[in-house]
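Please look over the sequence and the structure shown here before reading on.

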Amino acid sequence: MEIKKIWQYVSERHTFYAVLAINVILLLSVKFYPSMDGPAHLHNSNLLGRLFMGEPALTRFFSINGFVLPNWTGHFILAAFNLFLPAWLAEKVLLIFYIAGIAVSFRLLVSTLNNEWKGLSILIFPFAYSFLFYLGFYNFALSFVFLFFTLYFWIKAYVSGGFGAYFKVFIFLTLTYYSAILTFFFAGLSMGLLTLALSAGSLSANGGHSREAFKKAGKSLLYLFFISLPLLVLAILFVTSVQFSPASDRLTTHELLKWLVDVRSLIVYNYDGDQWVTQFFFYLLLIIAAISIFLRFKRQAGSFFQPADVILIPFFLALALFFCVPNSAGAGMMSDRYCLLVYIFFVLWASSLKIPRNAGRVFIAVVVLLHMGLLLKHHNSGIRKLNKHAVQINGASVYIQKNSIVLPVNMSDNWMEPNFSNYLGVDKPMVILDNYEASLGWFPLQWDGVNFPRLQAGGADQINGIGWLTNTAAPIKQIDYIFLYGNLAKLNENKWESLKCILEKHYHMTFYTSDNYLAVYKFVND
């Protein structure tokens, strides 16, 4: 290989891993990497670990969902590491695994689809930091790591065969299922399509007369059936057993088209502020596709279609579902999920295209510039401030005794902080009554409605504007702490008059921050 070619290869490879290193450094630059649902995942993972270890004080309030849920992976990783690491460090392990995993698995998959050059694999970085990732959809995010590994090992298994190769496929497909059932279905479809495409390529290479190619395709599809069958049965049982909210919220076609052009999946804190950057990714992907297709028409020899083109089938399926499925269907935010799937498959296809190296290096530079700009913008405008609040709330847990019952009151003006009270319970066992996961049927932890006590706050079964889970048929138990966070000046508003009265009569302030962001009140026996 010529020195010039070696340098070009090394340069592209070094750029990819340099970007990955910067991504990891930014994750490490703050104590917590806050998201909307992330605090709830950390808190419930802590509870799961303690329930597995037999914490008796928690069994009265919680039970572990006995159904084999496709929503376990992130919770399992967090729970395992939280047993011997502080929550902020367990979160770091999960997020670094995700960012490094999605980058490396995507690059490996692209290398099997385009063995000449994998420079465009850098396109995965912006989409690793999707809107759903910033919302804390960790299991859905992790599912793409396992999706790419599954497809990579499936192609390897098709080429080399052997029990070991198919066993790896089974492991990663299982991890995909336990991360997100939607991604699992797309993984199965993609594996079947890739098998057919590789078989067609083999036939074309042998002049269309190879019976061996048909036998190999049939054998691979049979393996796919047996590998996926147990997981498919579990998926059907899950879909038919869990009750989801009725679908009613449907976005207009105009709105959905705008999402595609704006690349809604990359917009986080400020739609108008991010939109002018994210649209560049839309046009960049179109330019890459246009160049590749033009070169295919210009080429005199060889087939116009490539095996990687079958990736466009799950892309078009995701696109159709994006327009057809109501946003509130299933577990909710389905339009956001399908929008991300549309771009994930299109980026995978675009990264596998053959384009001139010089043009490819220009695209790499543009992607790095846009990605780093957007990432730093989100880091400085959102993550740093949210981390400050997360650290404050987590620190306030020292003023709350372990296994206490805590009623949080959200007075925050920040739409990203509805679950931030859960940072109180990421390292210490406690029952935080604002726990949305325990109220749903598709998370590992559930409220135990049978053994739950009748909870009161200073003798009141309810407070105007605040609700909590209770069992009116059970003995009375007073809520140990009331935790306020956000803009505490709101406590003087008429809306909170009944809360203020209860705090004055039955609770004593044990801690507050000088910036008026949070306060801890402890129940005082009369």
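## Basis of the model

This is a predicted model, in which local features need pLDDT of at least 70 and side-chain atom pairs count only at pLDDT 80 or more, while totals for chains, interfaces and linings use all residues. Residues are numbered from 1 along each chain as its sequence is written, and side-chain values use heavy atoms, with hydrogens and water left out.

## Helices H7 and H14

Helix H7 (residues 138–160) packs with helix H14 (residues 334–351) at an angle of about 30°, their axes lying 12 Å apart; helices are DSSP runs of H or I with at least four residues, numbered from the N terminus. Axes are lines fitted to C-alpha atoms over the stretch in contact, and angles run from 0 to 180 degrees between N-to-C directions. H7 and H14 are therefore roughly parallel to each other, a term for angles under 35 degrees.

On the H7 side the contact (heavy atoms within 4.5 Å) is made by Phe140, Phe144, Leu147 and Phe148, and on the H14 side by Arg337, Leu340, Leu341, Ile344 and Phe345. These residues divide into eight nonpolar, no polar and one charged.

## The largest pocket

H9 (181–205) gives the most to the lining of the largest pocket, with seven residues. H7, H10 (211–241), H13 (312–324) and H14 are also among the helices that each supply at least two residues of this lining. The lining as a whole divides into 29 nonpolar, 11 polar and two charged residues.

Definitions and conventions
Parallel < 35°, antiparallel > 145°, perpendicular 65-115°, else oblique. Nonpolar A, V, L, I, M, F, W, Y, C, P; charged D, E, K, R; others polar.
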